Amino acid sequence: MNFELVKQFIKQAGLPNYRITQVKEAVYKSGIASWGDATALPADLRARLEKEGPILSFTIKKMVFSEKDRVAKALLKLKDGLLIESVLLKPHEGWSVCVSTQVGCPMRCSFCSTGRMGFKRDLTDEEIADQVLMWFQYIKKEKLGERISHVVFMGMGEPLLNYLNVVKAVQQLTDPDFLNIGARHISISTSGIADKLHKLAVDLPQVNLALSLHNADNAERSKLMPVNRRYDLDELQKALDEYLALTGRQVFLEYAVIDGVNNRPEHIRKLGKWIRGSRFSYLLHVNLIACNLGRGEKTDDRAVQAFADALKAMGIGVTIRKSMGNDISAACGQLASKN
Ligand code: SF4
(Lines give C-alpha, C1' and ligand atoms only; values in the text may rest on other atoms or scores of the structure.)
Protein backbone atom coordinates (compact mmCIF):
# COMPACT_ATOMS: atom_id res chain seq x y z
CA MET A 1 0.00 0.00 0.00
CA ASN A 2 1.17 3.49 -0.79
CA PHE A 3 0.78 4.75 2.75
CA GLU A 4 2.11 8.24 1.96
CA LEU A 5 -0.65 8.67 -0.63
CA VAL A 6 -3.30 7.55 1.85
CA LYS A 7 -1.95 10.01 4.43
CA GLN A 8 -2.12 12.75 1.82
CA PHE A 9 -5.80 12.01 1.09
CA ILE A 10 -6.59 12.17 4.80
CA LYS A 11 -4.80 15.50 5.09
CA GLN A 12 -6.50 16.93 1.99
CA ALA A 13 -9.91 15.94 3.37
CA GLY A 14 -9.07 17.88 6.56
CA LEU A 15 -9.56 14.75 8.68
CA PRO A 16 -7.94 14.33 12.11
CA ASN A 17 -4.77 12.27 12.58
CA TYR A 18 -6.52 9.40 14.32
CA ARG A 19 -7.92 8.45 10.88
CA ILE A 20 -4.35 7.46 9.94
CA THR A 21 -4.29 5.09 12.90
CA GLN A 22 -7.64 3.67 11.80
CA VAL A 23 -6.25 3.01 8.32
CA LYS A 24 -3.26 1.16 9.80
CA GLU A 25 -5.56 -0.87 12.06
CA ALA A 26 -7.84 -1.82 9.15
CA VAL A 27 -5.04 -2.73 6.71
CA TYR A 28 -2.31 -4.16 8.94
CA LYS A 29 -4.31 -5.64 11.83
CA SER A 30 -7.71 -6.62 10.35
CA GLY A 31 -6.30 -7.43 6.89
CA ILE A 32 -9.11 -5.81 4.89
CA ALA A 33 -8.93 -6.50 1.16
CA SER A 34 -11.25 -3.66 0.15
CA TRP A 35 -11.67 -0.13 1.51
CA GLY A 36 -15.40 -0.81 1.69
CA ASP A 37 -14.64 -3.04 4.69
CA ALA A 38 -12.93 -0.23 6.62
CA THR A 39 -16.24 0.77 8.15
CA ALA A 40 -14.64 2.99 10.81
CA LEU A 41 -13.56 5.43 8.07
CA PRO A 42 -15.89 8.13 6.68
CA ALA A 43 -17.72 7.06 3.50
CA ASP A 44 -16.20 9.88 1.38
CA LEU A 45 -12.66 8.84 2.26
CA ARG A 46 -13.44 5.18 1.58
CA ALA A 47 -14.85 6.07 -1.84
CA ARG A 48 -11.77 8.12 -2.77
CA LEU A 49 -9.39 5.40 -1.57
CA GLU A 50 -11.33 2.78 -3.48
CA LYS A 51 -10.87 4.81 -6.67
CA GLU A 52 -7.40 6.30 -6.27
CA GLY A 53 -5.54 4.49 -3.48
CA PRO A 54 -5.81 0.72 -3.93
CA ILE A 55 -4.61 -1.34 -0.96
CA LEU A 56 -2.46 -3.53 -3.20
CA SER A 57 -0.31 -2.33 -6.08
CA PHE A 58 -1.30 -5.35 -8.23
CA THR A 59 -4.25 -7.63 -8.89
CA ILE A 60 -4.37 -11.38 -8.31
CA LYS A 61 -4.57 -13.14 -11.67
CA LYS A 62 -4.41 -16.71 -10.44
CA MET A 63 -4.07 -18.53 -7.13
CA VAL A 64 -3.21 -22.20 -6.67
CA PHE A 65 -3.05 -24.16 -3.44
CA SER A 66 -1.35 -27.49 -2.78
CA GLU A 67 -3.27 -29.27 -0.04
CA LYS A 68 -0.50 -31.86 0.23
CA ASP A 69 2.35 -29.45 0.96
CA ARG A 70 0.32 -26.53 2.36
CA VAL A 71 1.78 -24.19 -0.22
CA ALA A 72 -0.17 -21.48 -2.02
CA LYS A 73 1.14 -19.69 -5.03
CA ALA A 74 -0.18 -16.48 -6.57
CA LEU A 75 0.34 -15.07 -10.02
CA LEU A 76 0.12 -11.28 -9.73
CA LYS A 77 -0.55 -8.74 -12.45
CA LEU A 78 1.27 -5.44 -11.97
CA LYS A 79 -0.13 -2.09 -13.09
CA ASP A 80 1.88 -2.26 -16.34
CA GLY A 81 0.50 -5.73 -17.11
CA LEU A 82 3.67 -7.65 -16.24
CA LEU A 83 3.38 -10.81 -14.16
CA ILE A 84 5.19 -11.89 -11.02
CA GLU A 85 4.63 -14.66 -8.55
CA SER A 86 4.62 -14.95 -4.81
CA VAL A 87 4.39 -18.00 -2.54
CA LEU A 88 2.96 -18.75 0.89
CA LEU A 89 4.32 -21.84 2.60
CA LYS A 90 4.37 -23.53 5.93
CA PRO A 91 7.70 -25.19 6.65
CA HIS A 92 7.29 -24.71 10.44
CA GLU A 93 5.08 -22.91 12.96
CA GLY A 94 3.70 -19.73 11.43
CA TRP A 95 3.52 -18.94 7.73
CA SER A 96 6.40 -17.98 5.47
CA VAL A 97 6.10 -15.76 2.44
CA CYS A 98 8.51 -15.96 -0.47
CA VAL A 99 8.61 -12.67 -2.36
CA SER A 100 9.82 -11.69 -5.82
CA THR A 101 12.02 -8.63 -6.21
CA GLN A 102 12.24 -8.29 -10.01
CA VAL A 103 10.08 -9.13 -13.03
CA GLY A 104 12.12 -11.94 -14.52
CA CYS A 105 15.82 -12.02 -13.66
CA PRO A 106 19.02 -11.02 -15.48
CA MET A 107 21.18 -13.66 -13.78
CA ARG A 108 20.32 -16.55 -16.17
CA CYS A 109 21.06 -19.43 -13.78
CA SER A 110 20.74 -22.46 -16.00
CA PHE A 111 18.48 -24.45 -13.64
CA CYS A 112 15.96 -21.66 -13.13
CA SER A 113 12.73 -20.94 -15.03
CA THR A 114 12.85 -17.25 -14.09
CA GLY A 115 16.36 -16.99 -15.52
CA ARG A 116 15.05 -18.26 -18.86
CA MET A 117 12.35 -15.56 -18.93
CA GLY A 118 14.89 -12.74 -19.16
CA PHE A 119 14.71 -9.49 -17.21
CA LYS A 120 11.91 -6.92 -17.52
CA ARG A 121 12.25 -4.51 -14.60
CA ASP A 122 12.87 -4.06 -10.87
CA LEU A 123 9.89 -4.14 -8.53
CA THR A 124 9.20 -1.06 -6.42
CA ASP A 125 9.47 -1.28 -2.63
CA GLU A 126 5.68 -1.11 -2.52
CA GLU A 127 5.26 -4.02 -4.96
CA ILE A 128 7.64 -6.12 -2.84
CA ALA A 129 6.07 -5.33 0.56
CA ASP A 130 2.53 -5.68 -0.86
CA GLN A 131 3.16 -9.35 -1.62
CA VAL A 132 3.39 -9.96 2.13
CA LEU A 133 0.33 -7.80 2.75
CA MET A 134 -1.60 -9.81 0.15
CA TRP A 135 -0.79 -13.10 1.92
CA PHE A 136 -1.71 -11.51 5.24
CA GLN A 137 -5.15 -10.73 3.74
CA TYR A 138 -5.37 -14.29 2.39
CA ILE A 139 -4.61 -15.86 5.79
CA LYS A 140 -7.29 -13.70 7.39
CA LYS A 141 -9.86 -14.45 4.67
CA GLU A 142 -9.25 -18.20 4.67
CA LYS A 143 -9.03 -18.26 8.49
CA LEU A 144 -5.74 -20.16 8.29
CA GLY A 145 -4.76 -19.04 11.80
CA GLU A 146 -1.24 -18.12 12.90
CA ARG A 147 0.60 -15.11 11.63
CA ILE A 148 3.22 -14.58 8.97
CA SER A 149 6.37 -15.29 10.92
CA HIS A 150 8.99 -15.35 8.14
CA VAL A 151 9.64 -13.58 4.86
CA VAL A 152 12.21 -14.87 2.39
CA PHE A 153 13.49 -12.91 -0.59
CA MET A 154 13.88 -15.99 -2.77
CA GLY A 155 11.26 -15.51 -5.47
CA MET A 156 11.81 -14.14 -8.95
CA GLY A 157 14.83 -11.89 -9.32
CA GLU A 158 18.18 -11.14 -7.69
CA PRO A 159 17.41 -9.02 -4.59
CA LEU A 160 20.84 -7.39 -4.41
CA LEU A 161 20.44 -5.99 -7.93
CA ASN A 162 17.35 -4.12 -6.70
CA TYR A 163 19.12 -3.11 -3.54
CA LEU A 164 17.44 0.16 -2.51
CA ASN A 165 13.89 -1.10 -3.00
CA VAL A 166 14.69 -4.30 -1.12
CA VAL A 167 16.09 -2.34 1.84
CA LYS A 168 13.03 -0.05 1.85
CA ALA A 169 10.66 -3.04 1.67
CA VAL A 170 12.45 -4.70 4.62
CA GLN A 171 12.21 -1.48 6.61
CA GLN A 172 8.48 -1.37 5.95
CA LEU A 173 7.90 -5.03 6.79
CA THR A 174 9.74 -4.72 10.10
CA ASP A 175 8.00 -1.46 11.10
CA PRO A 176 5.91 -2.12 14.25
CA ASP A 177 3.18 0.09 12.75
CA PHE A 178 2.95 -2.13 9.69
CA LEU A 179 3.35 -5.91 9.62
CA ASN A 180 5.96 -5.98 12.37
CA ILE A 181 7.95 -8.96 11.09
CA GLY A 182 11.13 -9.51 13.11
CA ALA A 183 14.27 -8.67 11.10
CA ARG A 184 15.81 -11.95 12.23
CA HIS A 185 12.89 -13.71 10.57
CA ILE A 186 13.65 -12.17 7.20
CA SER A 187 16.11 -13.81 4.79
CA ILE A 188 17.64 -12.40 1.66
CA SER A 189 18.99 -14.84 -0.87
CA THR A 190 21.61 -13.83 -3.40
CA SER A 191 23.21 -15.62 -6.30
CA GLY A 192 26.49 -13.98 -5.25
CA ILE A 193 26.60 -10.22 -5.91
CA ALA A 194 29.80 -9.93 -3.88
CA ASP A 195 30.17 -6.15 -4.02
CA LYS A 196 26.85 -5.58 -2.25
CA LEU A 197 27.55 -7.75 0.79
CA HIS A 198 29.46 -5.11 2.76
CA LYS A 199 26.64 -2.60 2.36
CA LEU A 200 24.06 -5.22 3.27
CA ALA A 201 25.93 -5.99 6.50
CA VAL A 202 25.85 -2.29 7.39
CA ASP A 203 22.25 -1.54 6.32
CA LEU A 204 20.47 -4.72 7.44
CA PRO A 205 22.75 -6.49 9.95
CA GLN A 206 19.89 -8.41 11.59
CA VAL A 207 18.51 -9.87 8.37
CA ASN A 208 19.61 -13.41 7.44
CA LEU A 209 21.70 -13.98 4.36
CA ALA A 210 21.48 -17.02 2.12
CA LEU A 211 23.96 -17.52 -0.67
CA SER A 212 23.00 -19.74 -3.60
CA LEU A 213 26.19 -21.67 -4.15
CA HIS A 214 25.19 -24.89 -5.95
CA ASN A 215 28.76 -25.71 -6.98
CA ALA A 216 32.21 -24.98 -5.50
CA ASP A 217 34.16 -25.43 -8.74
CA ASN A 218 34.69 -22.15 -10.60
CA ALA A 219 34.36 -23.52 -14.13
CA GLU A 220 31.28 -25.58 -13.32
CA ARG A 221 29.62 -22.86 -11.26
CA SER A 222 30.13 -20.41 -14.11
CA LYS A 223 28.22 -22.75 -16.41
CA LEU A 224 25.42 -23.18 -13.88
CA MET A 225 25.41 -19.56 -12.69
CA PRO A 226 26.92 -16.99 -15.06
CA VAL A 227 27.26 -14.54 -12.13
CA ASN A 228 30.34 -16.58 -11.19
CA ARG A 229 32.18 -15.10 -14.20
CA ARG A 230 31.80 -11.65 -12.64
CA TYR A 231 32.37 -12.64 -8.99
CA ASP A 232 34.23 -15.93 -8.76
CA LEU A 233 34.45 -18.15 -5.70
CA ASP A 234 37.60 -16.43 -4.34
CA GLU A 235 36.04 -13.00 -4.57
CA LEU A 236 32.83 -14.30 -3.08
CA GLN A 237 34.66 -15.82 -0.15
CA LYS A 238 36.51 -12.56 0.52
CA ALA A 239 33.27 -10.57 0.48
CA LEU A 240 31.54 -13.18 2.61
CA ASP A 241 34.31 -13.07 5.21
CA GLU A 242 33.95 -9.30 5.40
CA TYR A 243 30.20 -9.71 5.83
CA LEU A 244 30.71 -12.30 8.57
CA ALA A 245 33.27 -10.15 10.35
CA LEU A 246 30.75 -7.30 10.51
CA THR A 247 27.62 -9.27 11.43
CA GLY A 248 28.95 -12.35 13.26
CA ARG A 249 25.79 -14.08 12.04
CA GLN A 250 25.32 -17.48 10.49
CA VAL A 251 25.07 -17.52 6.69
CA PHE A 252 23.24 -20.23 4.81
CA LEU A 253 24.79 -21.74 1.70
CA GLU A 254 22.00 -22.98 -0.55
CA TYR A 255 22.88 -26.03 -2.59
CA ALA A 256 20.27 -27.52 -4.92
CA VAL A 257 21.40 -31.08 -5.53
CA ILE A 258 21.11 -31.92 -9.22
CA ASP A 259 21.83 -35.62 -9.43
CA GLY A 260 24.89 -36.44 -11.50
CA VAL A 261 25.63 -32.76 -12.10
CA ASN A 262 26.84 -31.28 -8.80
CA ASN A 263 26.84 -34.15 -6.29
CA ARG A 264 29.82 -36.27 -7.27
CA PRO A 265 32.57 -36.92 -4.63
CA GLU A 266 34.80 -34.18 -6.12
CA HIS A 267 31.96 -31.65 -5.75
CA ILE A 268 31.54 -32.51 -2.09
CA ARG A 269 35.30 -32.32 -1.52
CA LYS A 270 35.56 -28.90 -3.19
CA LEU A 271 32.60 -27.58 -1.25
CA GLY A 272 34.19 -28.68 2.02
CA LYS A 273 37.49 -27.08 1.02
CA TRP A 274 35.81 -23.80 0.07
CA ILE A 275 33.93 -23.63 3.37
CA ARG A 276 37.03 -24.40 5.42
CA GLY A 277 38.90 -21.73 3.49
CA SER A 278 36.77 -19.10 5.22
CA ARG A 279 38.03 -17.42 8.40
CA PHE A 280 34.51 -17.90 9.73
CA SER A 281 33.75 -21.40 8.48
CA TYR A 282 31.94 -22.14 11.76
CA LEU A 283 29.32 -19.55 10.71
CA LEU A 284 28.60 -21.24 7.38
CA HIS A 285 25.76 -23.73 7.22
CA VAL A 286 24.79 -25.72 4.13
CA ASN A 287 21.13 -26.11 3.17
CA LEU A 288 20.69 -28.99 0.75
CA ILE A 289 17.56 -29.23 -1.30
CA ALA A 290 16.51 -31.86 -3.81
CA CYS A 291 16.33 -29.85 -7.00
CA ASN A 292 12.82 -29.45 -8.37
CA LEU A 293 13.37 -30.35 -12.01
CA GLY A 294 9.85 -29.40 -13.14
CA ARG A 295 7.13 -31.78 -14.41
CA GLY A 296 6.88 -33.20 -10.89
CA GLU A 297 10.40 -34.71 -10.90
CA LYS A 298 13.13 -34.02 -8.39
CA THR A 299 16.49 -35.40 -7.31
CA ASP A 300 16.16 -38.63 -5.33
CA ASP A 301 16.11 -38.16 -1.52
CA ARG A 302 18.80 -40.83 -1.05
CA ALA A 303 21.26 -38.87 -3.19
CA VAL A 304 20.63 -35.78 -1.04
CA GLN A 305 21.07 -37.74 2.18
CA ALA A 306 24.40 -39.18 0.96
CA PHE A 307 25.60 -35.63 0.21
CA ALA A 308 24.57 -34.48 3.71
CA ASP A 309 26.32 -37.43 5.37
CA ALA A 310 29.56 -36.67 3.53
CA LEU A 311 29.48 -33.01 4.64
CA LYS A 312 28.73 -33.99 8.23
CA ALA A 313 31.72 -36.31 8.18
CA MET A 314 33.84 -33.23 7.35
CA GLY A 315 32.42 -31.43 10.40
CA ILE A 316 30.28 -29.07 8.31
CA GLY A 317 26.82 -28.01 9.49
CA VAL A 318 24.15 -29.18 7.07
CA THR A 319 20.36 -29.39 6.89
CA ILE A 320 18.21 -31.06 4.26
CA ARG A 321 15.42 -28.71 3.30
CA LYS A 322 12.10 -30.03 2.13
CA SER A 323 11.28 -29.25 -1.48
CA MET A 324 7.69 -28.03 -1.36
CA GLY A 325 4.98 -27.54 -3.93
CA ASN A 326 6.18 -29.82 -6.71
CA ASP A 327 2.56 -30.31 -7.74
CA ILE A 328 1.91 -26.58 -8.19
CA SER A 329 5.15 -25.50 -9.91
CA ALA A 330 6.53 -23.80 -6.81
CA ALA A 331 10.16 -23.50 -7.85
CA CYS A 332 10.90 -19.89 -8.68
CA GLY A 333 9.50 -18.71 -11.99
CA GLN A 334 7.72 -21.92 -12.97
CA LEU A 335 4.21 -20.50 -12.66
CA ALA A 336 4.97 -17.13 -14.25
CA SER A 337 6.90 -18.67 -17.12
CA LYS A 338 3.96 -21.02 -17.86
CA ASN A 339 1.76 -17.95 -18.18
S1 SF4 B 1 17.96 -18.68 -9.42
FE2 SF4 B 1 17.49 -16.64 -8.65
S3 SF4 B 1 19.24 -15.39 -9.38
FE4 SF4 B 1 19.27 -17.26 -10.60
S5 SF4 B 1 18.09 -16.78 -12.46
FE6 SF4 B 1 16.67 -17.68 -10.94
S7 SF4 B 1 15.77 -15.95 -9.90
FE8 SF4 B 1 17.63 -15.22 -10.90
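Where is Thr 101 found?

Reply: Thr 101 is found in the loop between β4 and β5 (102-104). Strands (E, at least two residues) and helices (H or I, at least four) are DSSP runs, numbered from the N terminus. The model is predicted: local features need pLDDT of at least 70 and side-chain atom pairs 80 or more, while totals for chains, interfaces and linings use all residues. Residues are numbered from 1 along each chain as its sequence is written.

Thr 101 is buried, because 28 other C-beta atoms lie within 10 Å. Buried means 20 or more such atoms within 10 Å, exposed 12 or fewer, partly exposed in between, with C-beta atoms placed from the backbone. Leaving out residues up to four places away in sequence, Thr 101 touches Leu 123, Ile 128, Phe 153, Gly 155, Gly 157, Pro 159, Asn 162 and Val 166. Contact means C-beta atoms, placed from the backbone, within 7 Å. Asp 122 sits 21 residues away from Thr 101 in sequence, yet their C-alpha atoms are 6.6 Å apart.

Now the sheet. It is open and has ten strands, in the order β1-β2-β3-β4-β7-β8-β9-β10-β11-β14, with mixed pairing. Two strands pair if DSSP finds at least two bridges between them. β1 (58-66) and β14 (317-321) are the edges, and each pairs on one side only. Neighbouring strands are turned by 25 degrees against each other on average, direction ignored. Such angles run from 0 to 180 degrees between N-to-C directions, with axes fitted to C-alpha atoms, for helices over the stretch in contact.

β2 (71-78) and β3 (83-89) run antiparallel and are joined by seven bridges. Leu 75 has Glu 85 in β3 as its bridge partner.

Further along the sheet, β7 (148-153) and β8 (186-190) pair in the parallel sense over three bridges. Val 151 stands opposite Ile 186 in β8. Between these two strands, the chain passes through helix α6 (163-174), and this β-α-β crossover is right-handed. That means that, with the strands pointing away from the viewer, the path from the first strand over the helix to the second runs clockwise.

β8 is mostly covered, with four of its five residues buried. β8 and β9 (208-212) are parallel too, over four bridges. Opposite Ile 188 stands Leu 209 in β9. The chain goes from β8 through helix α7 (197-203) to β9, again by a right-handed β-α-β crossover. Ser 189 stands opposite Ala 210. β9 is mostly covered, since four of its five residues are buried. On to β10 (251-257): β9 pairs with this strand in the parallel sense over four bridges. Leu 209 has Val 251 as its bridge partner in β10.

Helix α5 lies across β1, β2, β3, β4 (95-98) and β7. Against β7 it runs at about 145 degrees.

Next, the packing. The largest nonpolar core holds 90 residues. Such a core is a set of buried Ala, Val, Leu, Ile, Met, Phe, Trp, Tyr and Cys residues joined through C-beta atoms within 7 Å. Those that touch the most other members are Leu 88, Val 97, Val 132, Ile 148, Val 151, Leu 173 and Val 257. Helix α5 (125-141) contributes the most, with eight residues. Domain 1 (3-52) and domain 2 (58-338) each supply at least three residues to this core. Domain bounds come from an automatic or database domain assignment. Take Leu 88 as an example. Beyond four places in sequence, its contacts are Val 71, Ala 72, Trp 95, Val 97, Trp 135 and Tyr 138.

Last, the two domains. Their centres, taken over C-alpha atoms, are 34 Å apart. Four residues of domain 1 are in contact with seven of domain 2. Lys 29 lies in helix α2 (18-30). Lys 29 is exposed, because 12 other C-beta atoms lie within 10 Å.

Terms used. Two residues are in contact if their C-beta atoms, placed from the backbone, lie within 7 Å.
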